[in-house]
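Work through the exercises below with the structure open beside you. Try each task on your own before you read the worked solution under it.

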Amino acid sequence: MKSLILTFALLLAAPLAHAKLQVVATLPDLGALASRIGGDRVEVTVLAKPTEDPHFVDPKPSLILKLNRADALIEGGADLEVGWLPALLDSARNPRIQPGTTGRIAVASAIPLLEVPSALSRAEGDIHAKGNPHFMMDPERAITVARRIAEALAALDPPGAAAYRERGASLEAEIRAAMARWKAVLAPSAGKHVAAYHNSWVYFAERFGLKIDLFLEPKPGVPPSPSHLAKVIEDAKALGVRAVLVEPFQDRKTADFVAQRMGATSIVAAQFPNGVPGTPGYVELLDALVTRLATAMKGGG
Amino acid sequence: MKTYLCSFSLALTLFAASTHAADAPAAPATSEAALERLQKTLHEMESRHQQEMDALRRQIADQRAAIEKLQASTSPAPAAGAQAAAPPPAAPSRPWSPSDPIRVAGNAQGFMNISFDGLFTAAATTAPRPGDFEMGGHDPSQRGFNVQGLETVFDGAVDPWFKGQANFVSQITDGGDTTFEAEEAWLQTSSLPGNLQAKGGLFLGPFGRLNQQHAHAWDFVNQSIVNGRFLGGDGLRNPGAQFSWLAPLPWFSELTVAIQNGSGETAYSFRNRGDGDTFMGRPTLDRNLRGFGDLLYVPRWENSFDLTDEQTVVLGTSAALGPNDTGPNARTEIYGVDLTWKWKPSDSSGGFPFVKWQSEAMLRRFEAGAADPLPGVADPLPDETFRDWGAYSQVVWGFAKGWTAGLRGEYLHMEVSPLTTDATRQQRWRVSPNLTWYLSEFSKLRLQWDHDELGSMPGFDSRRADAVFLQFEFLLGAHGAHKF
């Protein structure tokens with residue numbers, strides 16, 4: 001009788017042993033925040049690779065499997081993933097992450113977006129209808145996103161609510177302290193122009209007072225043409241541009257060539273943790289970017 | 001405030017306790033226990049009170065931050081010229097209501113995505129009529145300009161439980177007439193328990209890989225020979241229902257069964273009356289469904305593995321089983337295996353470079369019934385069973401952003417019968433290299449050369465044909481992403 005009770009008790013306890021919340025994040029920056037806030041109460045899986053173009057992730061069947069087993073899905077929600085996420089969700093067969101459930105967390109709903117187009121036309125290239133979706137490059141918005149994630153995890157897993165909120169608060173404090181540092185480092189560069197391959201830096205620019213508005217792409221998603229690049233080089237020289245930002249999946253050779261012509265430094269800047277070596281978390285990612293940018297703006301390598 | 005609340009709650013508790021104590025027998029043991037309970041209740045109320053105060057403090061901090069942010073953003077407008085009236089941040093997820101459009105895909109908020117795809121090909125061929133060599137359906141059928149298909153797609157979430165999609169295709173025949181047909185129109189569940197999924201309506205059967213793709217998504221201008229000869233120029237496409245189950249295995253393993261009507265030219269090897277009511281050289285019967293056994297069953301088992309971070313493999317096997325119209329009890333069985341392999345590096349730019357290799361092999365066992373004696377026909381055809389097989393293999397190499405080079409090789413083996421000599425039973429092979437330029441995800445130009453060789457058989461000489469195609473496509477509107 002005693003052994004029977006013991007067996008029953010163990011069977012009942014078994015599900016508790018697997019109590020880790022299965023969280024799937026579409027992008028590595030959201031995944032990094034979720035890992036940091038969730039701690040060992042969650043197991044985070046990320047769909048996109050840190051070095052790949054987040055607009056063009058293959059909807060592989062293995063990703064369907066990850067979504068099928070998720071308790072929660074964290075997505076950007078500003079259409080960055082619209083080219084591949086819906087195809088995966090159609091086959092995911094997971095009632096826990098359907099729209100409107102507590103498990104479906106679209107973080108963009110918590111923050112104001114920039115560059116919302118007043119008219120939609122593909123003649124303007126690949127424009128995002130809801131606004132520029134690269135908002136995680138602004139630490140303030142990232143903090144709002146972190147809070148949203150903490151609240152969402154608390155709602156899904158009430159016993160861990162206090163832990164999530166506490167970890168979220170400590171992450172927020174860390175980002176704030178770092179932000180003061182970053183602002184100080186970039187203050188001398190306020191108002192200066194920076195070039196970039198693609199228009200994905202507007203939130204970073206706004207936060208730190210830079211003007212990242214010279215793009216190698218003539219229109220979003222359209223590959224650079226020689227005539228456009230010639231004009232960009234000319235404009236860059238006139239404006240005294242000292243840095244060209246290129247993400248790990250963008251054409252390095254073109255960026256290097258253009259940077260050399262305009263007398264600037266080409267910086268491989270990722271928007272995702274681990275996109276460049278030595279950036280395991282959000283703070284480290286921005287640290288690396290701010291440091292390299294500041295060095296380039298001073299005229300160094 | 002805090003001390004007031006504390007003393008008030010203490011007073012209440014003591015009052016409650018005292019009324020309780022008045023009723024209870026005054027024994028020393030119980031009053032100690034009562035005191036302990038009182039202390040415990042007091043602690044609980046204190047901690048709950050503390051939590052509420054913390055929550056209030058956090059809310060005040062959040063609102064302060066929001067005010068600061070608003071004040072900061074009303075100073076210099078961003079250089080990009082953002083709209084002053086940016087949409088207010090939406091409330092965190094709340095339960096769905098019918099006035100909330102559920103976005104499945106697309107650029108705009110709406111209940112439905114609508115897209116229009118125009119697919120055209122200019123053809124130059126050594127054969128007088130390309131239609132003799134192509135499989136029909138969406139393939140170019142005349143020299144010069146062809147409208148391969150003008151496709152309108154509607155898709156969207158019907159409600160929290162279903163997604164719906166409908167595809168309508170319009171084509172222009174050689175004679176200049178416009179045809180319009182419903183290609184697909186179906187409803188699919190969003191989340192059933194037990195990892196199940198159900199689909200109902202008119203849809204492409206889950207056989208192999210190419211059959212489930214629409215013409216504008218093909219990697220080549222025309223359909224593969226084996227798909228055209230076994231599943232039909234329009235694909236295996238019928239009204240019915242489909243059930244699929246995702247197995248609880250460490251890799252993606254999906255079992256699907258479709259049960260469809262299996263009649264008409266979209267069930268080419270099944271209850272198909274054929275051109276002029278003749279198929280495989282025999283007059284066809286108008287068979288009705290006599291029971292469940294007369295339906296078309298299409299089971300499929302698909303598995304997918306990520307060999308490495310950059311390589312994915314999809315391995316599937318399918319079957320299509322059902323009756324055909326050449327005899328009262330004639331049956332057709334088609335079996336297929338397919339293998340798809342894709343490599344894409346971790347830092348691919350816009351999805352390039354990549355290499356995709358896709359192959360399918362099919363075997364068809366067709367029972368052709370004995371033809372009825374007809375006036376003027378000396379020897380009506382006896383019953384025969386044909387075992388035919390075919391395969392195609394294609395490689396697509398995306399070598400630069402927006403550019404792909406493809407090569408496809410195909411072979412069709414038909415069992416030779418001295419009795420049944422049908423043009424469609426000619427053995428053949430074909431090789432097709434091509435080059436595609438995707439100007440964006442919404443338009444493309446494709447140049448393809450086909451070299452076609454048909455073997456001789458009783459009644460038919462060997463033939464060869466070369467064709468060059470220039471295909472162009474444009475896509476308007478919001479179109480859902482294609483499956484892997």
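**Exercise 1. Which side chains meet B:Lys163 and A:Asp90 in what kind of interaction, and what is the setting between the chains?**

Solution. Begin with the pair itself, remembering that this is a predicted model: the side chains of B:Lys163 and A:Asp90 form a salt bridge, with 2.9 Å from N to O. The reasoning needs a cut-off here, because a salt bridge is counted when a side-chain nitrogen of Lys or Arg lies within 4 Å of a carboxyl oxygen of Asp or Glu. Finally, look at the whole interface, where 54 residues of chain A are in contact with 66 residues of chain B, and where the buried area is about 4,800 Å², with 50% of it given by carbon and sulfur atoms.

**Exercise 2. Find the strand order of the open four-stranded sheet in chain A, and work out which strands stand at its edges.**

Solution. First read the order, which is 6-5-7-8 in chain A, with parallel pairing. Strand 6 (211-215) and strand 8 (265-268) of chain A each have a single partner strand, so they stand at the edges and one side of each is left without a neighbour in the sheet. From one strand to the next, the twist averages 35°. As a detail, strand 7 (residues 243-246) and strand 8 of chain A run parallel and are joined by four bridges, and A:Leu245 has A:Ile267 in strand 8 of chain A as its bridge partner. Helix 10 of chain A packs on this sheet, touching strand 5 (193-196), strand 7 and strand 8 of chain A, and its direction makes about 180° with that of strand 8 of chain A.

**Exercise 3. Describe how helix 6 and helix 10 of chain A pack.**

Solution. Start with the geometry: helix 6 (residues 161-186) and helix 10 (residues 282-297) of chain A pack at an angle of about 5°, and their axes are 10 Å apart. Because of this angle, helix 6 of chain A is roughly parallel to helix 10 of chain A. Then examine the contact, to which helix 6 of chain A contributes residues including A:Ile175 and A:Trp182, while those from helix 10 of chain A include A:Leu286 and A:Val290. Sorted by class, the contact between helix 6 and helix 10 of chain A has 11 nonpolar, no polar and three charged residues.

How values were computed: Residues are numbered from 1 along each chain as its sequence is written. Chains are lettered from A and ligands numbered from 1 in the order in which they are written. This is a predicted model: local features need pLDDT of at least 70, side-chain atom pairs count only at pLDDT 80 or more; totals for chains, interfaces and linings use all residues. Side-chain values use heavy atoms; hydrogens and water are left out. Axes are lines fitted to C-alpha atoms, for helices over the stretch in contact, and angles run from 0 to 180 degrees between N-to-C directions. Helices (H or I, at least four residues) and strands (E, at least two) are DSSP runs, numbered from the N terminus. Angles under 35 degrees count as roughly parallel, over 145 as roughly antiparallel, 65 to 115 as roughly perpendicular and the rest as oblique. Contact means heavy atoms within 4.5 Å. Ala, Val, Leu, Ile, Met, Phe, Trp, Tyr, Cys and Pro count as nonpolar, Asp, Glu, Lys and Arg as charged, and the others, Gly among them, as polar. Buried area is the accessible area (1.4 Å probe) that two parts lose on being put together, summed over both. Two strands pair if DSSP finds at least two bridges between them.
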